[in-house]
Each structure stands twice: as C-alpha cells, then as structure tokens.
Amino acid sequence: MTAADLRRTPLDAVHRDLGARMGAFAGYEMPIRYTSELEEHRTVRSAVGLFDLSHMGEIGLTGPDALPFAQFALVSNPGTLEPGQAQYSMLCAPDGGVIDDVIVYRTDPGYLVVCNAANRDAVVSHLAALLAGAELDVEVEDRSEQTALIAPQGPRAAELLAGLTDIDPGTIGNYRSRPGQVADVPCLVARTGYTGEDGFELFCATQDAQPLWEALFRAGGQFGLLPCGLASRDTLRLEAGMPLYGNELGRDVNPYEANLGRVVKLDKGDFVGRAALEDIQRQGPRRRLVGLVMQEEGIARHGYPVVEAAGAGPPAEIGVVTSGSVSPTLSQRIAMALIRSEAAEIGRSVAVIIRDRPRRAEQVKLPFYRRPRPAEEPTT
C-alpha cells in the first residue's frame, strides 16, 4: 500500500501542524510520535496524553433483536450490561480462533461495538454473514466513517475534562459511559482506554473532531498534556499486559491461550465458537501467554523464538515472543510470549533467541504494571 492509498483521520492536518512523525498503521496514516516516545509514555503515566483513535471501527447493533444477536456473535454476555455500561469481548470463529477483540457499549438504542481498525472490514463482513443466516430483526450499521474518537489518557484526564463538560467525570465508573457535551461538542464520554492508566475515550461526529481536539489541547496545558502517538500507546499497553491483535491475538489464537478465558461465558447459551471453546476450557489450552523479563542483554521482539533454559543438548523451542520492548516505567526489558502450557510457570527461566544467541529471561505474572487506584475512584 502506497502513501496515496492510506486513509487519513479527520485530524490529519492537526497532526502535521504539530510536527508529528507519521506512518502507516492498519491502512491509515497515523501519528507515530510528536516529540519522543519516552516523553509521551511518561506523560501518560504522570499527567495526561491526548490520542487520536479515529481509525478504530464503530459498529452499531440496533433493533428489537439486538441483544440476542449480540449474545450469539460475542463470547461475553452483553445481556448483563446496563445502559451506559461496557465490557471487553471478542468475536470468535467456529474453531475458537479470535476474529477480533472489541469493546461493546450498551447504549439506549442498542449496542456499540468498537473494533480494531485493521479488522473493521472483517468484523462487518462476519456480522453481516451471521445476520444473513438468522431470523432476527436487527440492523448492523458501520458508523466508522461518521465517528471520530479522541482519548485523553492519564491520571489528570478527569481534571482536564471537568473544566470542559457539564458531566462530572468523577461519577463515571470504569467501563461506563454517558452522553454529554465536551467543549460544546456532543460526545459519548466513556471511561475506557488502552494504556493501563485512568482515562476517557470521547466519541463524536467526524466534523466535530478538530474543535474538540483543539479545546482539549488548549485546556490541557495546565495539566501537562502532550499529544501522543502510536509508539507510546504500544509501550503503555505492553506494560499493562494488554493484548494487541496480530501479536497476542489472531485467528490462530483462542481466548484461553491469551489468558482471556474469563471473558468467555459458556453458560449464557449458544454462540459462535462455543463448542470449540468449551472443549479447550475442559482440556486446557496448548499454549499460554506469559510475561518475560530479560535477565541478559537484548530486547525480545515480536517473532523471536523462546526456548528452554540452557541445559544438556540443544535447547528445545517452546514458544514465540508476541510483543517486546524496553519498559520506560520499570526500566526493564519486557516481553509477552505464547509458550507451551507445560513450560508456563511464574519464576521459571527460559531463553529468547536474539541475533542467533539465547538470552536468559524469567517468566513473571502479567501485567508488568498496574496503576494505583485511589480508594474513592468508582470502578463500576
């Protein structure tokens, strides 16, 4: 795909005016960084960073049968959601492989499914195929082109929003949302994110994206706000142990392998992939997602082989690194890897093959980083 073929978000001109380094991601030209990945990462951990996520897919499910359709399509149980509540979920194939991981929001008219940009077409096609084979009164509407998504993330995000909206951000619990005005722009204000920090995701019409961004940017100076790109977003989510589709998740990975079996609700009734996932849950997954902290020099990168720790004879390959980097928060070289279940054990040593040499690493519990939560912060 050439630069001319890439899509652009409604904030493309804003990013260029701010001097962002742009790059291709999921069919879009997106800001990779503005200043430095390290500075942006640390700003999200200590203050507030501003992300353009308008490349994400937004799909509405409405109509009398929106709930039974969502129940059948998703592995979670949307029937437990109250209006204004959200949950992390997945769409799986009949064999249990993950088509995409999503967040589903319960709204007054139905449900809003937010999917990864790279999988938007696949998700829309999958839902359309399911609908074609079902006698249900439900509309599947791809709203992605009409929707922009801007995310202030960090411990001061609530302070930033408090001065721009008539909603009290402190009353919105984690994985909750509420419609309202932010800087006079109609938004769905959701307390969700992909950084491991407190933060919000603001859904608005595409034509309102620039005024909303500019209002947040102007007001954010007193809170230490910086615009942030995809590079810092990746290291933030890695520290938080959050999976990235195409790395930790894919058609060849099932939820139990990715330590996401808690999301699968086998007791809710039939859904796509249920039989396969029930078998996997009963027998146990062949692989497990583990955290690694490097004990020797080298950074474990996506695709690097994981082998047994040094012993007699050549080391046997037991898995593969899915994501890896240097953690700016922890000052450690960290990674996630899918390895054989019998070799997955916290505290057990393994080795990662880096430039044809085994480098020792220790398995650790995920996530690597968990933000402190004030006692008064709402969680539901």
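**Reading exposure, strands, cysteines and helix packing**

Modeller: Asp-356 is exposed, at a relative accessible area of 75%.

Biologist: What do buried and exposed mean here?

Modeller: Buried is under 20% relative accessible area, exposed is over 50%, and partly exposed is in between, for a 1.4 Å probe and protein chains only. The model is predicted, so local features need pLDDT of at least 70 and side-chain atom pairs count only at pLDDT 80 or more, while totals for chains, interfaces and linings use all residues. Residues are numbered from 1 along each chain as its sequence is written, and side-chain values use heavy atoms, with hydrogens and water left out.

Biologist: Which peptide bond is cis?

Modeller: The one that joins Leu-366 and Pro-367, with omega about 0 degrees. Pro-367 is in the segment after β19 (357–364).

Biologist: How many strands form the open sheet, and in what order?

Modeller: Two strands pair if DSSP finds at least two bridges between them. Here 6 strands form the sheet, ordered β10-β11-β12-β9-β3-β13, with mixed pairing. β10 (177–182) and β13 each have a single partner strand and stand at the edges, so one side of each has no neighbour in the sheet.

Biologist: How do I read individual pairs?

Modeller: Take the bridges and the facing residues. β10 and β11 (residues 185–190) are antiparallel over 6 bridges, and Gly-180 stands opposite Cys-187 in β11. These two strands form a hairpin with 2 residues between them, where Ala-183 in the turn has a positive phi of about 55 degrees. β9 is joined to β12 (residues 201–205) by 4 bridges, again antiparallel, and Ile-150 stands opposite Leu-202 in β12.

Biologist: How many disulfides does the rule give?

Modeller: A disulfide is a covalent bond between the sulfur atoms of two cysteines. The rule asks for a pair of cysteine sulfur atoms within 2.5 Å, and the count is 0. Cys-187 is in no disulfide, as the nearest cysteine sulfur, in Cys-204, is 5.1 Å away. Cys-187 is buried at 7% relative accessibility. For Cys-92, the closest cysteine sulfur is that of Cys-115 at 15 Å, too far for a bond; Cys-92 is buried at 0%.

Biologist: Which elements does α2 pack against?

Modeller: Contact means heavy atoms within 4.5 Å. The buried residues of α2 (residues 37–46) are Glu-40, His-41, Thr-43, Val-44 and Arg-45. They pack against β2 (28–33), β3 (49–52), β9 (147–153), β13 (226–227) and α7 (230–239).

Biologist: At what angle do the axes of α2 and α7 cross?

Modeller: Axes are lines fitted to C-alpha atoms, for helices over the stretch in contact, and angles run from 0 to 180 degrees between N-to-C directions. The axes of α2 and α7 come within 8 Å and cross at roughly 50 degrees. That makes α2 oblique to α7; angles under 35 degrees count as roughly parallel, over 145 as roughly antiparallel, 65 to 115 as roughly perpendicular, and the rest as oblique. Residues in the contact include His-41 and Val-44 of α2 and Thr-235 and Leu-236 of α7.
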